[in-house]
Amino acid sequence: RTNTTTLHAASSDKKSLRQSPKEPSGGDGGAEAAMSGDLPCGPRCVRFSLDDGRELELRPPRIEDAARLAEAVAESLPELEPYMPWATEENARVEKQFARLIDAFAKYLRGEEYIFHAYEGDELVGTVGLHRHLRWGPSVVEVGYWVRSSCAGRGLCTALTRAVVVLAFDYLAAERVEIAHAENNPGSRRVIEKCGFVKECVMRNVLGARTPAMVAAPGSSPHAVIYALTRADALPQVALTIDLFDGAPPPAPPSRRAAAAAAAAAAAAAAA
């Protein structure tokens with residue numbers, strides 16, 4: 001059973017679907033029960049349409065997606081390795097994704113971090129996330145995204161980023177949304193600029209945990225370019241349909257033992 005609502009655009013007014021952990025409203029009992037701190041449980045799913053009529057859906061990070069996610073990482077390693085420290089052959093293994101998704105789903109239910117798996121129809125096209133900014137508290141979140149290589153050039157990075165900006169301001173009641181790119185990543189810079197983010201500064205030596213592939217990339221730099229949006233800025237206009245968890249609390253993530261057994265079964269099936 002779901003509680004469905006629609007957000008039409010990121011708003012300059014501070015109003016949202018955000019629920020107080022002490023004063024639940026709107027029948028969103030499942031989300032309220034799973035909340036931690038000041039941020040709510042992530043929604044059951046978020047749906048929206050692109051200008052050309054294509055439809056995208058953002059889903060929670062479930063272990064059922066482990067094999068698809070590992071496949072997407074594996075095919076995209078050449079494009080991701082120069083910029084992403086997690087883009088490694090180890091993370092292209094199904095077993096590794098099972099373990100990672102257990103933690104990601106638990107954080108999603110607790111409202112600690114929102115990682116969404118982006119689907120176009122039955123195809124996993126990438127992921128997009130809203131991360132708490134630990135230094136500034138729950139009113140500031142940071143956007144992260146990537147799209148698998150076979151889906152590049154279709155406007156998906158821009159569409160996903162705009163959608164989660166709306167979600168950040170109107171679902172989480174954020175006051176500031178940040179995004180960053182490595183100095184040598186012009187593709188990410190173009191996405192950020194298309195979404196209307198305001199460039200603020202270059203932070204030096206913040207990309208410390210760089211892999212050998214990142215260090216060897218052309219133009220490699222440990223510096224990151226920081227952008228942000230606040231309610232005073234021109235914000236994206238995207239209509240989102242949001243299904244909230246309603247009634248019973250969302251299902252708990254599986255135990256590590258169960259995930260390990262599922263990973264072993266998946267690996268055995270792949271080797272057969």
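Modeller: Start with Arg148, in the loop between β6 (137-147) and α4. This is a predicted model, where local features need pLDDT of at least 70 and side-chain atom pairs count only at pLDDT 80 or more, while totals for chains, interfaces and linings use all residues. Residues are numbered from 1 along each chain as its sequence is written, and side-chain values use heavy atoms, with hydrogens and water left out. Helices (H or I, at least four residues) and strands (E, at least two) are DSSP runs, numbered from the N terminus.

Is Arg148 buried or exposed? Arg148 is buried, because its relative accessible area is 6%. Buried means under 20% relative accessible area, exposed means over 50%, and partly exposed lies in between (1.4 Å probe, protein chains only). Set aside neighbours within four places in sequence, and Arg148 is in contact with Glu71, Ala72, Glu75, Ser76, Leu124, Val125 and Gly126. Contact means heavy atoms within 4.5 Å.

In the largest nonpolar core, which has 48 residues, Phe48, Leu58, Leu130, Val177, Phe197 and Leu240 touch the most other members. Helix α4 (residues 156-170) gives the most to this core: ten residues. A nonpolar core is a set of buried Ala, Val, Leu, Ile, Met, Phe, Trp, Tyr and Cys residues joined through side-chain atoms within 4.5 Å. Take Phe48. Beyond its neighbours within four places in sequence, its contacts include Ala159, Leu160 and Ala163, along with Leu58 and Leu240.

Of its 13 lining residues, Ser49, Leu50, Asp51, Ala159 and Arg162 are the closest to its centre. On a 1 Å grid over the protein atoms alone, a pocket is an open set of points where a 1.4 Å probe fits, with protein on both sides within 12 Å along at least five of seven lines; lining residues have an atom within 4 Å of a point.

The lining divides into five nonpolar, four polar and four charged residues. Here Ala, Val, Leu, Ile, Met, Phe, Trp, Tyr, Cys and Pro count as nonpolar, Asp, Glu, Lys and Arg as charged, and the others, Gly among them, as polar.
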